[in-house]
Amino acid sequence: ASIPVWVEREARQQATERVKLAQANGSLQKFAGLLVTLAELFNVSSMERVHIFEEDTQTVAFNGGALFFNLRYFVTESHAD
């Protein structure tokens, strides 16, 4: 299963670079794996309802009909370690 990744509009280039770095160092894969496991546990379609976003904000997750989880927060808080 794969999870869509979104980046902020305001600073798209910087956010895209942070996503590329997270992909290169394995943080994105760890975060996506964690979210897929949680989605399976709660019987939620990860492709349709779970999304990753990269934004310079304190927002961890929000719900607008789907669940969005902030990659930047995951990486900044060193949860990938």
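This is a predicted model: local features need pLDDT of at least 70, side-chain atom pairs count only at pLDDT 80 or more; totals for chains, interfaces and linings use all residues.
Ground rules: residues count from 1 along each chain as its sequence is written, local features need pLDDT of at least 70, side-chain atom pairs count only at pLDDT 80 or more, and totals for chains, interfaces and linings use all residues. Side-chain values use heavy atoms, leaving out hydrogens and water.

**Exercise 1.** Work out the strand order of the sheet and find which helices pack on it.

*Solution.* 
- Start with the elements: strands are DSSP runs of E with at least two residues, helices are runs of H or I with at least four, and numbering goes from the N terminus.
- Two strands pair if DSSP finds at least two bridges between them.
- That gives an open sheet of four strands, ordered β1-β2-β4-β3, with mixed pairing.
- β1 (5-7) and β3 (61-63) are the edge strands, each pairing on one side only.
- Zoom in on β3 and β4 (residues 67-70): they run antiparallel over three bridges, and Phe62 has Phe68 in β4 as its bridge partner.

**Exercise 2.** Is Leu38 buried, partly exposed or exposed?

*Solution.* 
- First place the residue: Leu38 lies in helix α2.
- Next, the cut-offs: buried is under 20% relative accessible area, exposed is over 50%, and partly exposed is in between (1.4 Å probe, protein chains only).
- Leu38 has a relative accessible area of 37%, so it is partly exposed.
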